[in-house]
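The stops below go from loops to a helix.

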Amino acid sequence: MCGIVGIVGTRPVAPLIVDALKRLEYRGYDSAGVATVEQGVLDRRRAEGKLVNLQERLDSSPLSGTIGIGHTRWATHGAPIEVNAHPHFSSGVAVVHNGIIENFRELRKNLEADGFEFSSQTDTEVVAHLVEKGLRDGLSPEDAAHQAIQQLRGAFALAVMFDSDDNLIVAARSGPPLAIGHGEGEMYLGSDAVALAPFTNRITYLEDGDWAIIRRNDLAIFDTSGQTVSRQQQTSVGSALMVDKGNHRHFMIKEIYEQPEVIGHTLANYVDFNAEKIALRDMGDTQNPLEFSKLDRLNITACGTAYLAGYLSKYWFERYARLPVDIDVASEFRYREVPLSENGLSLFISQSGETADTLAGLKYCEESGQRLAAIVNVRESTIARSSHNVFPTLAGPEIGVASTKAFTCQLSVLASLAIGAGVQRGHIDEAQEKELVRALAETPRYANEVLKLEDEIKELAHSLANKEHVLYLGRDTNYPLAMEGALKLKELSYIHAEAYAAGELKHGPIALVDEEMPIVVIAPHDRIFEKTVSNMQEVAARGGNIILITDPKGAAEVGMDEAKVIVMPEMPEIITPIVYSLPIQMLAYHTAVHMGTDVDQPRNLAKSVTVE
Ligand code: M6R
């Protein structure tokens, strides 16, 4: 998704802005640009594609100036070409914007009728012209920006800069987040605190509907009614962490390897390993703790991989806590007019905590008076700040667009919550709790062991490369995991992949199977192993090429002739989905690397999807 950076500084800012934009690369983008003001002159450089192209432009034609704004653009309105790249200008006004301005057509028509000429197909350019129009009408730059912002409908974050004032950026937030960084005689603006990490960790987040006047030594924030408001300054945790690949070729594989550690950190937040008890640490309203025993329904909403973590946890909550669960993708939930139970809990799962659809689902539940809980990786995110109960994942910044460690950390939190719910609701006794907690405690160790299978998995991945279609099969918790496997393969390698509940195959999808079709079967040797294997044999009989992910018992039963087998260590059932996530992630990763796709920033994808 688009990234915004702004600096009102005391030193040349263009290189600093490019550095900060690099830290936003993980969000996904297809063009970039930077603009500065120097001695009353506004100038910009823009380039299609990656930031190296912008850097080349700046090397051959540098920009001076101690105030500037920059942008990485993920195209929504207009192709990803240079004329559509931000910043957009209107005479002495420059604008960068993230999100969508829904009424831009109508605004554009009016502006064109007033004689404004458009040089791009973007929705953003209307903002620059609206501000310019305000200036022409005699408004101050601040008022011109504000009156323009008031005319916009949609979800957006934006920054406006003027050639007439080299000590002013006006910023506004209506949806996507904006962080303001406090420096020594300098102020910064960014889509998140990670972008501002090289400059400061003192951050003020704008609330939804806020707009701000930012100067070197001054910050004024106003709410929707135009009243000055004070927003708390906080020390960002995320910003202290450096974002680099270490010795790894891609962020994704680095993040896969981080999993034993971050799963351990996350579990330690929710489990007392000494007492062998669940000890849920809620970072939300501690005066108002979550009581699972009082709930009659759990309603989970999320998108993409986070949705699949939620889907998988449905099996856990229903099995261990006898708590009925509804699970929806947020983009469907928000318009479905779902009747919500009075004693229900609405749980939102999101790595970024800023996903627009998930946030809209949360607003719907908030308006219905539901208790809101969140599982997020970014603690300062909007979803976390809007929820009563907050259960962070401690995955650290996830930079690869394909979610890996955030997923297994979400599962770790969800497993802890489900066991905790089971205890509170009287469906898990002390001995069972101890046994389940002991199992959770072993997750990092098993995850570590599985990482050692990388070379083997890499070889198997080569057999998937360049295939047209791949099927993933699983039953029970391995069904959502199969969906996650298919999603990972699709997004990274662009191979068409689908997941089916193994038992559903014979009701239609088996027609797709021929000797060209690889089928990944996820089947630890559990209660329903036999059933899954029968489905697998139906596929084998039709020539399908099977990759089976199982444990030594499963491998012994199936025999190595029927399938290529990834032999996982034998482990307790509750943790299999967490640990079995690793081979499916590595399978997708190595297939993509072999095919030469852009693993960390797959085409058309964004890390944090802050538009509908
Ligand atoms: O930040 P979120 O967890 O809310 O993001 C949700 C999805 O956009 C995300 O999981 C997406 O599906 C990933 N690219 C999957 O790898």
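Start by selecting Glu337, which sits in the loop between helix H10 (330–333) and strand S20 (344–350). The model is a predicted one. Glu337 is not a glycine, yet its phi is positive, at about 55°. Its relative accessibility is 66%, and because exposed means over 50%, Glu337 counts as exposed.

Next, select Asn466, in the loop between helix H16 (454–464) and strand S23. Here too a residue other than glycine has a positive phi, near 70°. Asn466 has a relative accessible area of 61% and is therefore exposed.

Move to Pro87, in the loop between strand S4 (67–73) and strand S5 (88–90). Display the backbone from His86 to Pro87: the peptide bond there is cis, with omega near -5°.

Finish at helix H18, residues 529–540. The helix has twelve residues, and at 1.5 Å a residue it should span 16 Å; the C-alpha atoms at its ends are 16 Å apart, which agrees. Now show the side chains of Phe529, Thr532, Val533, Asn535, Met536 and Val539, which are buried in H18. Turn the view to look down the axis of H18: the buried residues fall within an arc of 160°, so they line one face of the helix.

Notes. Residues numbered from 1 in each chain as written. Predicted model: local features only at pLDDT ≥ 70, side-chain atom pairs only at ≥ 80, totals over all residues. Heavy atoms only, no water. Helix = DSSP H or I, 4+ residues; strand = E, 2+ residues; numbered from the N terminus. Expected span 1.5 Å × (residues − 1). Buried < 20%, exposed > 50% of the residue type's maximum accessible area, 1.4 Å probe, protein only. Arc of directions from axis to C-beta.
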